[in-house]
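The entries below follow the order in which I looked things up.

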Amino acid sequence: MRIDEALRGATKLLAAHSIDGARRDASVLLVSVLGGDREILFRAPEQILTEPEVQQFQKLIDRRATREPVSHILGQREFWSRDFFVTSDVLDPRPDSETLIDAVLKHTKETRAPDAILDLGTGSGCLLLTLLAEIKNAKGVGVDLSDKALEIAVKNAKSLSLEDRSSFLKSLWFENVSGTFDVIVSNPPYIETDDIAGLQTEVRDFEPRLALDGGEDGLECYRQITAEISVFLKPEGFVIFEVGIGQDVAVGNLMRGAGFENIKVHYDLASVARCVSGQSKK
Ligand SMILES: C[S@@+](CC[C@H](N)C(=O)[O-])C[C@H]1O[C@@H](n2cnc3c(N)ncnc32)[C@H](O)[C@@H]1O
């Protein structure tokens, strides 16, 4: 079978399963079978696939047809231009979360580089490890309640050569955390419990519920974290949360209630209020 024929057939099959971006997904999966050479789709569409390539591609397309995310099929996802290992045990790093990275980097440029960063609910470690990769001398701790997520975070730290500056800890938020930090970041679960059943299949059936469920009104984790956070932040420390759509005002109020100043909302590329930050007093 020719490359262009395989791509056409796979696109048709995924579209028949109502998958948005069927051609994009089929292309990404075919490129992975062909060893990562993207250009070949345009350079040599007439090239004949070997029988093992056809079979391998068919297996990947069958998995995608069940709505398994492409990132899980490939085992990795790009975030802030770096590749992170992902499985169904961690939330897929989302482009929206790059808003948080951008805000922390801007803040540290305007003030000073942090020595110590804490990431609450680290999942794949994408937030903490990206910050450590960008802020050369900082050290960081990532906590999560999921052992399997922590294993993935450690694997990512090694593959990014950041194991010397990062540590990962099983903890129910601050329970096992000690010390104080210059920056605390968190993208906690924020979906309202009743909304989970209506999520896209890729999210509902393939991402961990522990990473999604934010309680009855979606704000439960923010309440738990803001109730304790002040003790773990240095004077004039910076805290930033990713929030769900429409949660910025409520989370800002929780932060004000916890004594934070200089509350700011940060918008993603679609102009959605995506993060809320604040500073502790001097
Ligand atoms: C929305 S995911 C964020 C993952 C990652 N930080 C990211 O931005 O892609 C939330 C993470 O919080 C973890 N989590 C949920 N409840 C927790 C708790 N009480 N204490 C610690 N971690 C928790 C989940 O296991 C999950 O990895």
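Entry 1, the second largest pocket. I began here and counted 33 lining residues, of which Gly121, Asp144, Pro189, Leu210 and Ala211 lie nearest the centre of the pocket. I note at once that the model is a predicted one. The volume of this second largest pocket is about 560 Å³.

I then sorted the lining of the second largest pocket by residue class and found 15 nonpolar, eleven polar and seven charged residues. Looking up the helices, I found that α7 (126-134) and α10 (220-228) each give at least two residues to this lining. The largest share, three residues, comes from α10.

I asked which residues come nearest to the ligand. There are 16 residues around the ligand, and Gly121, Asp144, Trp173, Asn187 and Ala211 come nearest.

For Gly121, a backbone N or O atom lies 2.8 Å from a nitrogen atom of the ligand. For Thr122, a backbone N or O atom lies 3.3 Å from a nitrogen atom of the ligand. Asn187 takes part through its side chain, with a polar atom 2.9 Å from an oxygen atom of the ligand. I also checked the cover: on its own the ligand has 600 Å² of accessible area, and the protein covers 96% of this.

I found the protein chain divided into domain 1 (3-66) and domain 2 (76-279). The C-alpha centres of domain 1 and domain 2 lie 34 Å apart.

I recorded a volume of about 660 Å³ for the largest pocket. Its lining has 22 residues, and those closest to the centre are Pro69, Val70, Ser71, Arg77 and Asp92. I asked which domains supply the lining of the largest pocket. Domain 1 (3-66) and domain 2 (76-279) each contribute at least three residues.

Among helices and strands, I listed α2 (22-33), α5 (70-74), β1 (76-79) and α9 (201-204), each of which supplies at least two residues of the lining of the largest pocket. By class, this lining holds five nonpolar, five polar and twelve charged residues. For the second largest pocket, I had noted seven charged residues.

Methods. Residues numbered from 1 in each chain as written. Predicted model: local features only at pLDDT ≥ 70, side-chain atom pairs only at ≥ 80, totals over all residues. Heavy atoms only, no water. 1 Å grid on protein atoms, 1.4 Å probe; cavity = no way out; pocket = protein on both sides within 12 Å on 5 of 7 lines; lining within 4 Å. Points joined across faces, edges and corners; volume = space filled by probe spheres on them. Helix = DSSP H or I, 4+ residues; strand = E, 2+ residues; numbered from the N terminus. Nonpolar A, V, L, I, M, F, W, Y, C, P; charged D, E, K, R; others polar. Domains from an automatic or database assignment. Near = heavy atom within 4 Å. Polar contact = N/O pair within 3.5 Å; in protein donor to acceptor, adjacent residues only side chain to side chain. Areas by Shrake-Rupley, 256 points an atom, 1.4 Å probe, with all protein chains shown as cover.
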